[in-house]
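Visitor: I'd like to learn how to read a model like this one. Could you walk me through it, feature by feature?

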Amino acid sequence: MKYLTRTVIAAGFAALVTAPASAETLRFGGNFAADHSSSIAMQKFKEAVEAKSDGALTIDLFPDMQLGGAQENVDQTRSGAIFGTWIGAAYLSRTVPELEAISMPFTYPDRATAFRVIDGDVGTIVDEKLADKGFKVLGWMELGPRNITNNVRPIETVDDLKGLKIRLQPNQTHLDSFRAIGASPISMGISEVYSALQQGVLDGEENPYSIIKTRRFDEVQKYLSDSNHVFDFISIVANKKAFDKLDPKDQSILTDAMADAVAFQRAEAAKEDDAAKAALIAAGMVFTPIPDDVRAKLRQLTAPVIEGLKKRIDPALIEKVQSEVTAK
């Protein structure tokens, strides 16, 4: 019995010695479905951090609105209730309006250009603006090109958009853009959209194909377009004070693991978007490509919105985005 007691005590002491001296759990909340590429990338981030830190850091992930909606996750991160969130950039634009400069209508010709802008000087400026408001940017993933769905008619001309009640994210530039093209935009949390479409409170919504699919909007929407009116980003942000309190080694583990997760997600997002589009059409949605002349007219109608944005944020940032888009 004495030998057994000594053995148990020794085993317990060994466990204490080998356990991380200051194990810490970092909680991340998100509103993307668990099978979305961003949530899968966050799982890879979790696994990498826990492996590289030898268990000193544990990442707890709460996708699919388990900790509340998008805006709640932003507020929880800013207050320090959770360590971080992965979120559509629009939900940070109320706190940092400069984010509207990176999601202006009809700005990016392709995703490669969008990434070049966010990974360059513009991204550095936006990161600093977020830091001023208490956020540490860990990375930028792809949310993707946003496309319009509705239950009224196919979108073949500019006039087809007039009067449609379309759900949008809480981004002033996006809302102003839809007013400029004659639609009736409504800002609404994603958790309410399915029922609002089902009940006819909304005529339509706009999202990347992958979100339309994972949120099952094809069940309550008939018409699908390829409007590509905005290319959108996912921001991965942490509470800056909480991040700054971490050991520099742990900070590096987080940022390195996130860089790998971002690279993975960006590659997956393009494939995910194509597959989601095909799945939506296969499920019965009526797909109508937007003609080039209609897209040009939409760009023309929304141009004044960008001029209006210059009155709300530093116009130099907008001009910086525009110059980097056209840079070779």
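Visitor: Let's begin with the pockets. Which residues lie nearest the centre of the largest pocket?

Guide: Keep in mind that this is a predicted model. Nearest the centre of the largest pocket lie Tyr-108, Pro-109, Asp-110, Pro-145 and Asn-228, out of a lining of 19 residues. The volume of that pocket is about 390 Å³.

Visitor: Which helices supply at least two residues each to the lining of the largest pocket?

Guide: That would be α10, residues 248–282, and α11, residues 292–309. The largest share comes from α10, with 3 residues.

Visitor: And how does the lining of the largest pocket split by class?

Guide: You get 7 nonpolar, 5 polar and 7 charged residues.

Visitor: What about the second largest pocket: what is its volume, about?

Guide: About 170 Å³. Its lining has 15 residues, and those nearest the centre are Ala-70, Gln-71, Tyr-91, Gly-189 and Ile-190. Two helices, α3 (70–79) and α7 (190–199), each give at least two residues to the lining of this second largest pocket. By class, the lining holds 6 nonpolar, 6 polar and 3 charged residues.

Visitor: On to helices. How should I describe a packed pair?

Guide: For two packed helices, quote the angle between their axes and the distance between the axes.

Visitor: How would you read α4 against α10, roughly parallel or roughly antiparallel?

Guide: Here the axes come within 12 Å and cross at roughly 150 degrees. Anything over 145 counts as roughly antiparallel, and α4 and α10 are therefore roughly antiparallel to each other. The crossing of α4 past α10 is right-handed.

Visitor: Now the sheets. What is the strand order in the open sheet of 5 strands?

Guide: Read across the sheet, the order is β2-β1-β3-β10-β4, and the pairing is mixed. At the edges sit β2 (57–62) and β4 (135–145), each pairing on one side only. Neighbouring strands of this sheet are turned by 20 degrees against each other on average, direction ignored.

Visitor: How many bridges join β4 to β10?

Guide: There are 9, and β4 runs antiparallel to β10, residues 231–239.

Visitor: In which sense do β5 and β9 pair, parallel or antiparallel?

Guide: Antiparallel, over 2 bridges, with β5 spanning residues 147–150 and β9 residues 223–225. A handy pair to look up is Thr-149 and its bridge partner in β9, Leu-224.

Methods: Residues are numbered from 1 along each chain as its sequence is written. This is a predicted model: local features need pLDDT of at least 70, side-chain atom pairs count only at pLDDT 80 or more; totals for chains, interfaces and linings use all residues. Side-chain values use heavy atoms; hydrogens and water are left out. Two strands pair if DSSP finds at least two bridges between them. Helices (H or I, at least four residues) and strands (E, at least two) are DSSP runs, numbered from the N terminus. Axes are lines fitted to C-alpha atoms, for helices over the stretch in contact, and angles run from 0 to 180 degrees between N-to-C directions. On a 1 Å grid over the protein atoms alone, a cavity is a set of points where a 1.4 Å probe fits but cannot get out, and a pocket is an open set with protein on both sides within 12 Å along at least five of seven lines; lining residues have an atom within 4 Å of a point. Grid points are joined across faces, edges and corners, and a volume is the space filled by probe spheres set on the points. Ala, Val, Leu, Ile, Met, Phe, Trp, Tyr, Cys and Pro count as nonpolar, Asp, Glu, Lys and Arg as charged, and the others, Gly among them, as polar. Angles under 35 degrees count as roughly parallel, over 145 as roughly antiparallel, 65 to 115 as roughly perpendicular and the rest as oblique. A crossing is left-handed if the near helix is turned anticlockwise from the far one by less than a right angle, and right-handed if clockwise.
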